[in-house]
Amino acid sequence: MKAFITLAVVCFVASALANPLELSEEQRAKAKVYIEECAKQENVPEEDVMKFRNKDIENPSKAFKCLGTCFFERAGTLKNDELQDDVVIAKLGALVGEEKAKTVLEKCKGIKAEDRCETGYKTFQCFHSFKAAF
């Protein structure tokens, strides 16, 4: 389970901050499973699944937002619409340093929207807004 959480947090952070991280074959396979499971759970059209895999975040549909939120929930990054501080600090801190990770977390935690999919997407957008700083 730790490997899944690590993988998803790395994918989440890499996507949000656009850091060039190389995932192992095993990590890519696990990410693919998460995406497939979430696509099925959330009834996501193939077009949105491809956009998600290609990190094409422009003009996301509701299904796209739900797919991303499900992925982050399965990873342990989000739980009950809340960022999991310890997971984010541990994984993001390893990439950008603990102080920067805490700054991002403080700015991005507590985001709430009209539903879980919007909350997950707005949280992603917040993380994404910090990519230039790293």
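Me: Is Gly 93 buried or exposed?
Reply: This is a predicted model, in which local features need pLDDT of at least 70 and side-chain atom pairs count only at pLDDT 80 or more, while totals for chains, interfaces and linings use all residues. Residues are numbered from 1 along each chain as its sequence is written, and side-chain values use heavy atoms, with hydrogens and water left out. Buried means under 20% relative accessible area, exposed over 50% and partly exposed in between, with a 1.4 Å probe and protein chains only. At 16% relative accessibility, Gly 93 counts as buried.

Me: Which residues does Gly 93 touch, leaving out those up to four places away in sequence?
Reply: Gly 93 belongs to helix H5, residues 85–96. A contact means heavy atoms within 4.5 Å. With residues up to four places away not counted, Gly 93 touches Val 88, Glu 98 and Ala 101.

Me: What share of the contacts with a separation of 6 or more comes from residues 24 or more positions apart?
Reply: The protein chain has 134 residues, of which 46% count as buried. Among its contacts with a separation of 6 or more, the share from residues 24 or more positions apart is 60%.

Me: Why can helix H4 be called largely enclosed by the rest of the structure?
Reply: Helix H4 has 14 residues and reaches 20 Å from its first C-alpha to its last, close to the expected 20 Å; that expected span is 1.5 Å times one less than the number of residues. Its buried residues include Ala 63, Lys 65, Leu 67 and Ala 75. H4 is largely enclosed because its buried residues number 11 of the 14.

Me: Which residue follows H4, and what is its phi?
Reply: The helix runs over residues 62–75. What follows H4 is a residue with positive phi: Gly 76, near 90 degrees.

Me: How are the rings of Tyr 34 and Phe 71 arranged?
Reply: Rings of Phe, Tyr and Trp (its six-membered ring) pair if their centres lie within 6.5 Å, and planes under 30 degrees apart count as stacked, over 60 as edge-to-face and the rest as tilted. By this rule there are five aromatic pairs. The centres of Tyr 34 and Phe 71 are 5.6 Å apart and the planes stand at 85 degrees, so the pair is edge-to-face.

Me: Which helices does the pair of Tyr 34 and Phe 71 tie together?
Reply: Tyr 34 is buried at 5% relative accessible area, and Phe 71 is buried at 3%. The two are 37 residues apart in sequence, so the pair ties together separate parts, namely helix H2 and helix H4.

Me: What is the angle between the planes of Phe 52 and Phe 64?
Reply: Phe 52 in helix H3 and Phe 64 in helix H4 link parts of the chain 12 residues apart. Phe 52 and Phe 64 are both buried. Their rings form an edge-to-face pair, with 5.7 Å centre to centre and a plane angle of 65 degrees.

Me: Which residues form the aromatic cluster?
Reply: Two of its members, Phe 71 and Phe 72, are among the buried residues of H4. The one cluster consists of Tyr 34, Phe 52, Phe 64, Phe 71 and Phe 72.

Me: Is Asn 43 buried or exposed?
Reply: Asn 43 sits in the loop between helix H2 (25–42) and helix H3 (46–53). Its phi is near 55 degrees, positive in a residue other than glycine. With 66% relative accessibility, Asn 43 counts as exposed.

Me: Where in the chain is Asp 81?
Reply: Asp 81 has a positive phi of about 65 degrees although it is not a glycine. At 26% relative accessibility, Asp 81 counts as partly exposed. Its place is the loop between strand S1 (78–79) and strand S2 (82–83).

Me: How far does helix H7 reach from its first C-alpha to its last?
Reply: H7 covers residues 116–128 and has 13 residues. Those that are buried include Cys 117, Tyr 121, Phe 124 and Cys 126. Close to the expected 18 Å, the reach of H7 is 18 Å.

Notes
Helix = DSSP H or I, 4+ residues; strand = E, 2+ residues; numbered from the N terminus.
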